[in-house]
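Thanks for coming, everyone. Let me put the structure on the screen, and then we'll walk through it.

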Amino acid sequence: MNGLKTDAPFQHSGNNIAQLMQTVLLCLLPGILASLWFFGFGIIINIVIAISFAMIAEASMLKLRGRDFRAQLSDRSALVTAVLFAIAVPPGSPWWLVALGIVFAIVVAKHLYGGLGQNPFNPAMCGYAMLLLAFPLEMTGWHIPNEIVRGPLAVDSLGIPIVTPGQEFLSPLSWRGFKQALLLSFPFAASNDFDVKQFMDGLAMATPLIEFKMAGTSALLAASESGASLFARESKTAWEIINIAYLCGGLFLLYKRIISWHIPLSIIATVFVLSALFYAPGSVAIYGTPYLHLFGSATMIGAFFIATDPVSAATTRPGKLVYGIIIGLSIYSIRVWGSYLDSIAFAILFGNFCAPILDLYCRPRIFGHGAHSGSRTPEEPAK
Amino acid sequence: VNIASRISTKFFSSATVFARKTFGGIQPPTHKEHSLRSQIMSTPIPAQLSIPLGSREQEQITLFVETGERVCKYQKLAVLHSSPDGSNIPVHAPTSGMITSIEQSCVADHSEQHQLCIKLTTDGSDEAVTLAPPADYTQLSRAELISKIHDAGIVGMGGAGFPTAEKLSSDRGAGFEFLIINAAECEPYITADEAIIRERAEKVLLGAELLRQASNAQRCIVAIEESKPDAINALKEILHADGQAASESQRHCEMVIIPSKYPAGSERQLIQCLTGKEIPADQHPTDNGIIVHNIGTAYATFEAITEGKPCISRITTLCGQALKTPKNFEALIGTHVDFLFDLCGIDSGKNHKSILGGTLMGFELASEKAAISKTCNCLIAANDSELREHIPEQACIRCGYCAEVCPARLLPQQLLAFSKADDPSQLTNHGLADCIECGACDYVCPSHIPLVSTFKENKYAIQSRQNSLERSDYWQQRFQYRQYRVKKEKDQAQSKKPDLPKKIAAHPAKAQQEQPGIISKAQASRDIAAAVARVKARRSERDGSGNEPPSKKGRDR
């Protein structure tokens, strides 16, 4: 205050946003590779489309808003949004669906609210939720890669495909699998439109939890019987591996201290407790085991990568715990009692709604205030 | 006697002292090894000294010398009146020489970088006033110790510069539970304390013991970071020595090794680390039976009591990559910074930044012609490569890393948002005043936001707003009272028969001052009604006369 400019501190840890985002991307890699293994090239195609459109949208928005475009484009935040969004969208979705969602995410959910750091809602989830509401059919079909390659399987009365042991197994990572995935994403390029249409209509299946939501007890039993081993390239068990892969990436994020343990732990604990409480074997299938709820859908990626998006999450320690509990409650409720097909996106968006108020009211006790008396605020605000 | 201090004394009697975990903090690279390679060196006597007087205001200083006068080493030159209640700090001559002028000059000081300085041209003879050390310092009473510390002009050597004698006697006679000797020295680059302990452990501990006697504290705790093994061993050797003499004088002294973490040496954080007690924000540690002194202060106390030597020099760290031989100097107060840099072989060809203090809370020096003050613990001549590069500020992504490291458990990300929204009430509510400006949040921020500068600015703005509000309230009251008094005198002159009880009632401020609570509610409401009526009458009078006040006219245009 003596009229001199003070620049202290003169040292810096070297943290920067680009590096942070890069680590997040790196931690997403195991999950992406697992998806690639089970569902084929669809996810990679999604990511490529999403990144291209995200970059175009980000660059034009920065330009329109008159920002320093090169510096802000290199912070890699749009890249993370694009990848998270691409992971959430079913592989094999048409290119325009992915493009529409990511442009909505970047333009509306991010930049119209003021850009990086200002968006109250997670942009990737906003884009996903918009698509889910506008295109529910396209958004809930996950193609079984085997079938993409070898043609339709017979389907039983409950809609579960029947795999006969003798049928030839073709890898989704084969050249043919790649071609099929491209055709699904870019249907206009197909030489024979009819084939693709057939895949689109007949070969899609839902994620396990969506399916269980729709099906009764017998479907659950059938699933567990046909479930084969974990590493079989059956889409049902694929979800387990994918979730474990995301869990590993998430644990690495924790280890690198990019995220704190509060949000993932409280989400996972809440979902676990609720699903254990309501677990009812033999009744409606959706009241499945905690294992099903934690590893049967996108719970892990939601808990570690999407709910922890710092901009839209609560930032105080107690606030983060409450935020995680709110999201966990919402995930389970929407999944089990709600009418939407996907729970993660809506649960996280609902958590985003609560975050600002949580930050205001769930505050740590300031050092030297109310250690014994219990009052939290230091003094009455000045007029 | 302060009740709070008595209660806390009771509370602490059972408290055990050990290093507890404290919240937050960072572990930056310390860069301490360079300046610790050599021993503490004393400087040759510089040709010129600018002895800082501690203030830029002429009125706060009583000078005993004048321009052109020759002074001897240790001679008392001036007294700084540091606070309105009469406490003062004497300033002594570091060496003999001629006073050439007394003028404003640049000073390497944490609180004020422009002070009135006595410019001394030294003569190199170092002719000294004879010191009068006490025959047996162990026999001195507490009051005598404090007065000797005061006469030596000792202030807090850690950087705050609070007069040591004043702090020692701030217990109002009750004594202290703990004297904490702060040797944490957690900030990067600074090694002055570590060097003193390493080389002069015995003197330092004796100084600590003298401070303990002067503060009437029951226990003395030396807190040192675990990253200083040499200094710890030096202390251990003396504290755990079996020699009788040592154990006798160090009976009350113990050493606690605390984790290396910045800002472990922050006073309130250190107290919490050692005792587990959080000092309430509106109180001082001294209100809670705890007194904290820097280890440099303990050394200065040792010299002042045993040798009778006033505070004319201090140990200062000189470091940074622009210096060829970084080291610790025992430098005379008033030595110019560039003189010290030259002694360390500064690479003048390269650009460098000169910083006072450590790299996390230091200041950039306005000029290298600055003179060192009693609080100048470290001077850094830093190359650009070793400091943070200038990266433009990016948007806050609310990652909350700042909140994880804030030792005061504040939420810098929220404070930043409220700063940007210019919301002083929320800033106050979120504890802006509790920010200790340690810079940990800045250090970890991935967006390179200058958080501490923002908080300092806002603190200052809120404080000055508060001050001006208080001032205007005060003057408004004075003005209203004057108006009232003038009117009353006029009324009295008009009315022949003054009604005494009514008069008191009509003068609520005065009545309340004299006899609080004497005005009943009914009376108060009558007064208010009367006042409203008076205002109405005055207004109608003014409107009736048709003379609008000029200000209103101006507004209408």
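Start with one ring. Phe121(A) has a relative accessibility of 17%, so it counts as buried, because the cut-off for buried is under 20%. Keep in mind that this is a predicted model.

Who is its partner? Phe121(A) pairs with Tyr113(A). The two ring centres are 6.5 Å apart, and the planes sit at 80° to each other, an edge-to-face pair. Tyr113(A) is partly exposed, at 44% relative accessible area.

Now hop to chain B. Tyr474(B) and Trp475(B) also make an edge-to-face pair, because their planes meet at 75°, and over 60 degrees counts as edge-to-face. Their centres lie 5.1 Å apart. Is each one buried or exposed? Tyr474(B) is partly exposed, at 40% relative accessibility. Trp475(B), at 51%, counts as exposed, because the cut-off there is over 50%. Over all chains, the count is 12 aromatic pairs.

Next, the interface. How many residues of chain B are in contact with chain A? It is 64, and they meet 45 residues of chain A. About 4,900 Å² is buried between the two chains. Carbon and sulfur atoms give 57% of that area. On the chain B side, three residues stand out: Ile397(B), Arg398(B) and Arg409(B) supply 13% of the area that chain B buries against chain A, more than any other three residues.

Arg398(B) comes up again. It forms a salt bridge with Asp359(A), with the closest N and O atoms 2.5 Å apart. The count between the two chains is 3 salt bridges. There are also 26 residue pairs in polar contact across this interface.

Which elements of chain B supply residues here? Several give at least two each, including α7 (267-275), β15 (353-356) and α11 (412-420). The most comes from α14(B), with 6 residues. By class, the side of chain B that touches chain A has 30 nonpolar, 21 polar and 13 charged residues.

One last stop: Asn383(B). Where is it? Look in the loop between β18 (378-382) and α10 of chain B. Asn383(B) is buried, with a relative accessible area of 9%. Which residues does it touch, leaving aside neighbours within four places in sequence? They are Gln321(B), Ala322(B), Lys350(B) and Asn351(B).

That's my tour. Questions, please.

Terms used:
Residues numbered from 1 in each chain as written. Chains lettered and ligands numbered in written order. Predicted model: local features only at pLDDT ≥ 70, side-chain atom pairs only at ≥ 80, totals over all residues. Heavy atoms only, no water. Contact = heavy atoms within 4.5 Å. Buried area = accessible area lost by both parts, 1.4 Å probe. Salt bridge = Lys/Arg side-chain N within 4 Å of Asp/Glu carboxyl O. Polar contact = N/O pair within 3.5 Å; in protein donor to acceptor, adjacent residues only side chain to side chain. Helix = DSSP H or I, 4+ residues; strand = E, 2+ residues; numbered from the N terminus. Nonpolar A, V, L, I, M, F, W, Y, C, P; charged D, E, K, R; others polar. Buried < 20%, exposed > 50% of the residue type's maximum accessible area, 1.4 Å probe, protein only. Phe/Tyr/Trp six-rings, centres within 6.5 Å; stacked < 30°, edge-to-face > 60°.
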